[in-house]
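Trainee: I'd like to learn how to read a model like this one. Could you walk me through it?

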Amino acid sequence: MLELIVISTLNGVLYGMLLFLMASGLTVIFSMLGVLNFAHASFYMIGAFFGFQISRWFGFWPALVIAPLLAGAIGAAVERYGLRRVHKNGHVAELLFTFGLAFAIEEVVQIIWGKSPVDFRIPPSLDFSAFTIFSTNYPAYKMFMLLVSILIFAALLITLKKTRIGLIVQAALTHPHMVGHLGHNVGRIFMLVFGVGTALAAVAGVIAGPALVTQANMAGLLGPILFVVVVVGGLGSLPGAFVASLLIGLVQTFAVSMNGSLSGAFGPLSPDYAATWLSDIWNVTIAQIAPIMPYVLLVLILIFRPMGLLGTRDT
Amino acid sequence: MTETTQSTAPPYPAAAEKLKFYGLWVGAAIALLLLPKLFSSGGSLTTFSLIGISIIFALSYNILLGQTGMLSFGHAVYYGLGGFLVIHAINIIGTNKLPIPLPLVPLIGGLTGLLFAVLLGWVSTQRSGTAFAMISLGVAELIASSALILRTFFGGEAGISANRTKVFRLFDWSFGPQIQIYYLVAAWTLLAVIAMYALTRTPLGRMCNAVRDNPERVQFVGYDPHVVRYLAFCFSGFFAGIAGALAAINFEIANSAYLGAVQSGTVLFAAYIGGIGFFIGPIVGAIFVTFLSLGLSDLTQVWQLYFGLIFIAVVLFAPGGITGLLMMHRPLLKAGTFGRVLPSYLITFVPTLAMLAGLILATEIIVYYAVHGGDDSHIKAFGIPFDAANRYLWALSAILLVGGYWVARKTWTMVGHAWDEATGGAREKGAIA
């Protein structure tokens, strides 16, 4: 039992940190530009596929640097030549633009790399077990993922709190118009923030690619969960996104490792009901409903705290 | 602002106006009746049925997006649940020999959509804008994932099927042949379109527009925007349920794809490409998108990419959609200055077309190398066979793309100038306020 708790906590924190790598970019972009980037998970996917391709050509370590830079450049171009143009048509048009972009990116990835998963492997230098805990070998690569996420989290925190650009970004989170009035080149800051945000998502893609499945539908699977994180944490709240990322990471990881069901708790259902829909509910295990847990959480949050855990702004 | 504000009600429409208005609906009904006489093949009847279903669905979506300003990413939930319930209803009616004829069955789907909209709507519509969009996405994912868990009811991956001919028969209509299904769909489409048009004319429909444009002011006037949004959401769910029911009757099967994100995306594409600013927009969009998805899939294997690119192009360059583009010209036609923009359109048409041709050629060549690398390089796209390995074709596509863009850019500025001139002329004649 203790083993399960320790391992699940480790995995949950890891998954949560990965989610936060993406959610942080999404939140900052939303706070500054006012647009929820529907294609954010697509940049995570681009990162994974670029990482796969570059690690084939040059190895994993160059890929870890080059893939996010490329994805960030694409992101900056999207902001400069796409979003800025639709901005005058309102937020709905911006959201729709990123929606269309997500659709198109998925198609392009499918055309280039096909529909089936690609063979993105853990680099040999990290392919060993870091430590053994309660007879479970914990892979070193997962520790590496955790380390990278924590490093980036720390770097992000320092940049936001200690540097000039961080101060401007922070100011723009709460008072976007005032920052413009003070004479900062808001357009360039927007482009930069969009580029960095998408690059962070791509980093998550590169490091998650070998551990999870690198496939053309990975953006479609992760995207909605990312939005749940942002809404549950509170739209536009960076600490909220952090709390929600860890919460959803832990909830999903613990749910997957649990096998309980109503029939396990209260005994099997009487055979009279065996063929009805009641038996579905009775026999489903917690592990099976793990994929819908984030959405259940979303609905609960909406009912009891519509502005999100740490949200203050009501959009 | 004009100096005198109109304080009285608009004048009662003249008899000629009324005749024109009702004539339009009667004309539509006659056109729907005669359509199968002109195109009687099974394939075209199926296409017409699909278009009818898609029109109802797109219009129901526009109650949210166009009329009330709520961008939903999960409208397929109400469509899909309507479809599933109807399949179950047909099975129950068939086995218990209940006296319910098939033409009334879509109502069951509508009521299902309404029921779920009533249940889920109150939480979802608390906020509009981006928050609503995210919530609708989350709720849609919740329902779609639950559908795969509740296997007995939703039939898992395979879905559930029914036999529509086993239902109680009225006037000896079996609803086996496609022509009878066509008339069923056509009748429901006409009814639903009239009902949804009437809805936009009611005080509720007007309040929806007000909530879309300025929710704060609506609150000052004494209405609760949340309630107005909720009511619009319920109506929208009802009509989406009818569309789903007709789809289920048409295919005699309902599976998890009915509820999925692709279905939600398609209806959004249809409504937006058609134009959300006008009532007729989603109808145009539904027809266009259905033809596009049926036609393009025969012509090229990467049709979904083109589909996405068309959508992005509409969002970027024509936020009013197809209808919006056409309606922009109405004041010019009225003022008779349309002739001033027409020549510039014809001039810009050539380089723009060349640019698009270059883009398509380049895409098809790249797709060939990405997908079938080693196969025979003589491929066929849009019905034209060509050799993807031919270096001259590569050069041609590059020249068309770059040269076309370079020339087209100059002609676009020309169109802009001609447009300004024509609208200026129209303004002088008073066709534009």
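Trainee: Let me start with one residue: leaving aside its neighbours within four places in sequence, which residues is Tyr44(A) in contact with?

Mentor: Keep in mind that this is a predicted model. Once the neighbours within four places are set aside, Tyr44(A) is in contact with Met22(A), Ala201(A), Ala202(A), Ala204(A), Gly205(A), Ala219(A) and Leu222(A).

Trainee: What is the largest nonpolar core, and which residues have the most contacts inside it?

Mentor: That core has 203 residues, and Tyr44(A), Leu226(A) and Val229(A) are the ones with the most contacts inside it. Its largest share, 16 residues, comes from helix H10 (residues 225-251) of chain B.

Trainee: Now the two chains. How many residues of chain A are in contact with chain B?

Mentor: On the chain A side there are 42, and they are in contact with 38 residues of chain B. Several helices of chain A supply at least two residues each to that side, including H3 (60-86), H9 (218-233) and H13 (293-304). H4(A) gives the largest share, with 14 residues. By class, the side of chain A that touches chain B has 30 nonpolar, nine polar and three charged residues.

Trainee: What is the secondary structure of each chain?

Mentor: Chain B comes to 17 helices and four strands. Chain A has 13 helices and two strands.

Trainee: How do I judge the overall form of a chain?

Mentor: Compare its radius of gyration with what a compact globule would have. For the 433 residues of chain B that would be near 22 Å, and chain B has 24 Å, which agrees. As for extents along the principal axes, the C-alpha trace of chain B spans about 75 × 70 × 45 Å, while the C-alpha atoms of chain A fill a box of roughly 70 × 50 × 40 Å.

Trainee: And what share of the residues is buried in each chain?

Mentor: In chain B, buried residues make up 41% of the 433; in chain A, 44% of the 315 count as buried. For chain A, residues 24 or more positions apart account for 78% of the contacts with a separation of 6 or more.

Trainee: Is H2(B) mostly covered or mostly exposed?

Mentor: Mostly covered: 22 of its 27 residues are buried. After H2(B) comes Gly69(B), with a positive phi near 75°.

Trainee: What should I make of a positive phi?

Mentor: Most residues other than glycine have a negative phi. Here, Glu252(B) is not a glycine, yet its phi is positive, about 60°.

Trainee: Where is Glu252(B), and how exposed is it?

Mentor: Glu252(B) sits in the loop between H10 and strand S2 (253-254) of chain B. Glu252(B) is partly exposed, because 14 other C-beta atoms lie within 10 Å.

Conventions. Residues numbered from 1 in each chain as written. Chains lettered and ligands numbered in written order. Predicted model: local features only at pLDDT ≥ 70, side-chain atom pairs only at ≥ 80, totals over all residues. Rg over C-alpha atoms; globule rule 2.2 N^0.38 Å. Buried ≥ 20, exposed ≤ 12 C-beta atoms within 10 Å, placed from the backbone. Contact = placed C-beta atoms within 7 Å. Nonpolar A, V, L, I, M, F, W, Y, C, P; charged D, E, K, R; others polar. Core = buried A, V, L, I, M, F, W, Y, C linked by C-beta atoms within 7 Å.
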